Amino acid sequence: MSEITVYTARKIRTMNPSMPEATAVAVREGRIVEAGSLETLKPWLDAYPHKIDTRFENHVLMPGFIDPHLHPSLGAILLPCHFITAMTWHLPDRVSPPVTSHEDYVARLREIEKSMTDPDELLLTWGYHKIWHGVVDRTVLNDISATRPIIVWQRSFHEVIANDAAIDWMKLDRADLERHPQIDLASGRFFETGLAVATKSMNPYLFAPERFGKGLELVKKAIHFGGHTTIGELAYPLINDELEWDILANTIEQDDVPFRMRLVPRGAGPGETDKAVERVNGFQSRKTRRLSFGNGVKLFSDGGFFAELMQMQPPGFIDGHHGEWMTAPETLEALARAFWNEGKQIHVHCTGDMGLELALDILEKLQFERPRFNHRFTIEHFGASTPEQARRIKDLGAIVSANVYYLHELGEAYWRQSIGFERASQMARLGTLERLGVTTALHSDFTMAPALPLNSAWVAVNRLSESGAVLAPEERISLDSAMRAITIDAAYMLGMEDEIGSIRAGKMADFTVLEADPWETAPEDLKDIPIWGTVFEGEPFPLGER
């Protein structure tokens, strides 16, 4: 039997309600032997060889942070891009300053274009949003360069805008593009299913081993910097299984990687319905130490929230535009029924209140047809909703994985220019879910939000917009709920609560090491608590320089 290591700390917040605090935790072979104090651990220490590690005696240990919805492949595609964003982004290799006007956005694009020495090299940028950056379309991009391919990835990842040179670079047939319902050739916009047309042509560039590998290295640093020890990849593969799996496995399955991934497959590939269950079940045989597939499957309702393509119930959008379906409603229902009857945990991407209504209507039908208990039907993102829908979520036994960061970046912008104050201020209505007792996790959907669990918890507890205004204070949640949402409730979302999410005997020895106690920190300072690093399966991993 191998040696026991006992980590002592100023305080250990276990997230185990039967023993919420401890000062020592014993670890052996990557798992927790027992949490408590040196006194209560004495029978174990008398019985087995052990060592006492006091490096955390001035720190606070928590269960390793969990982001149940984070896309490493998306991050690997985007982090090598030129970031031009309305908010400051602290990236592993640089800081991207805010750009908040049309003139400054175009000037920054021109600056990047002029700095590139190869006249044929693609200029790929991410972070564009029309609320801050105005109209940037094919004509604007052609004016920057008529010969260099330029592709602007919208802040949501659900849309790209291309100039003529980029359309030629992608070798796309313009007659086919004219016929596609989610491609606007006049403006150069490829959105939702139209995006798949563009990315299919972009794949050789996006997944070139050197580029994608560099992106994954940056993602690894970002994940560790946030204090994660487990992440969920919701909707695998992002674009191409054959291209992604080998690179992911080779990059993540390394001794210096202090986190694991639970992968949730997409419910249907392009044009696929009848063989979807067979394909999804086929993933379950893949398993390494750090990569595994559980019982989940990911489906999609309406369009991207940052792209303002979510489907909204009346009165809709201020400017009168409409959202988009990512999956035709009848197809979504057929897929959900097939996976429900297979006993799968269904995760549904829902961003607008009409998209949420569709998902709940389908769940209600499925419960009537074939009742299930503990089905964990999960609403992903939870942007716009109504109080009545929150009640239905509770009544139908669903759970929620929320991107509360929407409120911080978009709350005031969508108030003034998209859906009005009432609905914008109440996006991510987590306080209602807490009062109803709905299990809720917080996620980043990285890069839709920074991969920083404490930042997500900070937004949920304070509901501060980017200007510092408090939006819908009634929808704030307690600190306890926020910390559960990035630990034990996030583990529950992934079906891994027996293995991770709290510090108790038998679980994986995963800890996030903090330099202050969240319960002894002012709520407005929660996001600024320094992270020393993590312990992954019993091994300490301090943060490197960033």
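## Cavities

On a 1 Å grid over the protein atoms alone, a cavity is a set of points where a 1.4 Å probe fits but cannot get out. Grid points are joined across faces, edges and corners, and a volume is the space filled by probe spheres set on the points. Rolling a probe the size of a water molecule over the atoms shows where empty space is left. The structure described here is a predicted model, in which local features need pLDDT of at least 70, side-chain atom pairs count only at pLDDT 80 or more, and totals for chains, interfaces and linings use all residues. Residues are numbered from 1 along each chain as its sequence is written, and side-chain values use heavy atoms, with hydrogens and water left out.

Two cavities of 30 Å³ or more are found in the whole structure.

## Linings of the cavities

A lining residue has an atom within 4 Å of a point of the cavity. Around the largest cavity, the lining includes Ile66, Asp67, His443, Leu452 and Ile486. Strand S5 (65–67) and helix H18 (453–462) each contribute at least two residues to this lining; helices (H or I, at least four residues) and strands (E, at least two) are DSSP runs, numbered from the N terminus. By class, the lining of the largest cavity holds seven nonpolar, three polar and one charged residues. Here Ala, Val, Leu, Ile, Met, Phe, Trp, Tyr, Cys and Pro count as nonpolar, Asp, Glu, Lys and Arg as charged, and the others, Gly among them, as polar.

The second largest cavity is lined by residues including Pro63, Thr229, Ile500, Met508 and Asp510. Its lining divides into three nonpolar, five polar and one charged residues.

Strands of a sheet pair through backbone hydrogen bonds, either parallel or antiparallel. In this model, seven strands form an open sheet with mixed pairing, in the order S3-S2-S1-S4-S22-S23-S24. Strand S3 (31–36) and strand S24 (539–542) stand at the edges with a single partner strand each, so one side of each has no neighbour in the sheet.

Two strands pair if DSSP finds at least two bridges between them. Strand S1 (residues 4–13) and strand S2 (residues 21–28) are antiparallel partners, joined over six bridges. Thr8 has Ala24 of S2 as its bridge partner.

## Cysteines

The whole structure contains zero disulfides, a disulfide being a pair of cysteine sulfur atoms within 2.5 Å. Cys81 counts as buried because its relative accessibility is 3%, where buried means under 20% relative accessible area (1.4 Å probe, protein chains only). Cys350 is likewise buried, with a relative accessible area of 1%.

How values were computed
1 Å grid on protein atoms, 1.4 Å probe; cavity = no way out; pocket = protein on both sides within 12 Å on 5 of 7 lines; lining within 4 Å. Buried < 20%, exposed > 50% of the residue type's maximum accessible area, 1.4 Å probe, protein only.
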